[in-house]
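Here is a structure to read step by step. Each question asks what lies behind a label.

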Amino acid sequence: MAVKTEQRTAGGVAYTLTRRRVRNINLRVRADGTVAASAAPRVPAAAVDAFVAARAAWVANARRRAADHARRDAALDADLPPKAEALARMTALCRAYYPRFAATCPGGAFPRIAVRDMRTRWGSCSLKTGTLAFSRRLCGTPPAAQEYVVVHEFCHFAHPDHSPAFWAAVAAVLPDYRQRRKLLR
């Protein structure tokens with residue numbers, strides 16, 4: 001089935017309607033404040049318009065929350081070091097922990113370290129490329145939290161999942177990892 005989209009306005013809300021196989025009419029406000037609705041092809045456009053119009057107050061509130069979140073993120077990002085400095089910090093921290101994980105790193109080599117502007121995660125581990133990537137936002141957290149994320153990602157070289165063996169490996173290095181993880185919330 002081809003997905004069809006069209007721009008519509010209802011109740012003072014401009015939105016994009018996407019036709020796809022869904023059971024209900026779905027409505028969401030994206031981070032940039034745009035509004036998207038999805039509905040099955042059999043649902044009349046007037047029904048979707050009525051649905052969106054009935055939720056105009058919810059949309060306005062969600063847009064305010066998205067704007068507040070964007071302002072908070074911008075303020076947090078302003079306090080972060082430049083990428084080059086963040087990369088140097090994370091590389092130094094990884095070098096400090098590397099001897100404990102050298103045997104599990106691909107080829108026993110020090111992994112490639114990357115810093116990215118990630119919003120949904122603090123770090124990631126790529127077994128295929130031997131890369132540990134960290135969010136630049138991690139540099140704005142306490143050192144104990146940074147150490148936890150580094151150890152967490154190194155442990156993924158030996159355990160690419162979140163199995164009990166993985167958590168046992170994290171606990172072997174950082175017995176207080178649960179408290180450290182709370183610092184990230």
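This is a predicted model: local features need pLDDT of at least 70, side-chain atom pairs count only at pLDDT 80 or more; totals for chains, interfaces and linings use all residues.

Q: What makes the largest nonpolar core a core, and how many residues has it?
A: A core is a set of buried residues of the nonpolar kinds listed for it, joined through side-chain atoms within 4.5 Å. The largest such set has 29 residues. Met90, Tyr97, Phe134 and Phe154 have the most contacts inside it. Helix H3, strand S5, strand S7, helix H4 and helix H5 each supply at least two residues of this core. Apart from it lies another core, of 14 residues, with Val13, Tyr15, Ala39 and Val59 among them.

Q: Why is Gly130 called buried?
A: Buried means under 20% relative accessible area. Gly130 has 10%, so it counts as buried.

Q: Where is Gly130, and which residues is it in contact with beyond four places in sequence?
A: Gly130 is in the loop between strand S6 (123–126) and S7. Its contacts are Pro106, Pro111, Arg112 and Phe157. The C-alpha atoms of Gly130 and Ala109 are separated by 8.6 Å, and these two residues are 21 residues apart along the chain.

Q: Which residues of helix H5 are buried, and how do you know on which side they lie?
A: Phe166, Trp167, Val170 and Val173 are the buried residues of H5 (residues 164–173). They cover an arc of only 120° around the axis, so they sit on the same side of H5. The face turned away from that side carries the exposed residues Pro164 and Ala172. The buried residues pack against helix H3 (83–101), helix H4 (143–155) and helix H6 (177–182).

Q: What makes the buried residues of helix H1 line one face?
A: In H1 (residues 45–54), Val48, Asp49 and Val52 are buried. Seen down the axis, they fall within an arc of 100°, so they line one face of the helix. The face turned away carries the exposed residues Ala46 and Ala54. As background, an α-helix has 3.6 residues a turn, so residues three or four places apart point the same way.

Q: What lines the largest pocket, by class?
A: The lining has 4 nonpolar, 3 polar and 3 charged residues. Among them are Trp122, Tyr148, His152, Glu153 and Arg181. H4 gives the most to the lining, with 4 residues. The pocket has a volume of about 190 Å³.

Key
Residues are numbered from 1 along each chain as its sequence is written. Side-chain values use heavy atoms; hydrogens and water are left out. Buried means under 20% relative accessible area, exposed over 50%, partly exposed in between (1.4 Å probe, protein chains only). The arc is that of the directions from the helix axis to the C-beta atoms. Contact means heavy atoms within 4.5 Å. On a 1 Å grid over the protein atoms alone, a cavity is a set of points where a 1.4 Å probe fits but cannot get out, and a pocket is an open set with protein on both sides within 12 Å along at least five of seven lines; lining residues have an atom within 4 Å of a point. Grid points are joined across faces, edges and corners, and a volume is the space filled by probe spheres set on the points. Ala, Val, Leu, Ile, Met, Phe, Trp, Tyr, Cys and Pro count as nonpolar, Asp, Glu, Lys and Arg as charged, and the others, Gly among them, as polar.
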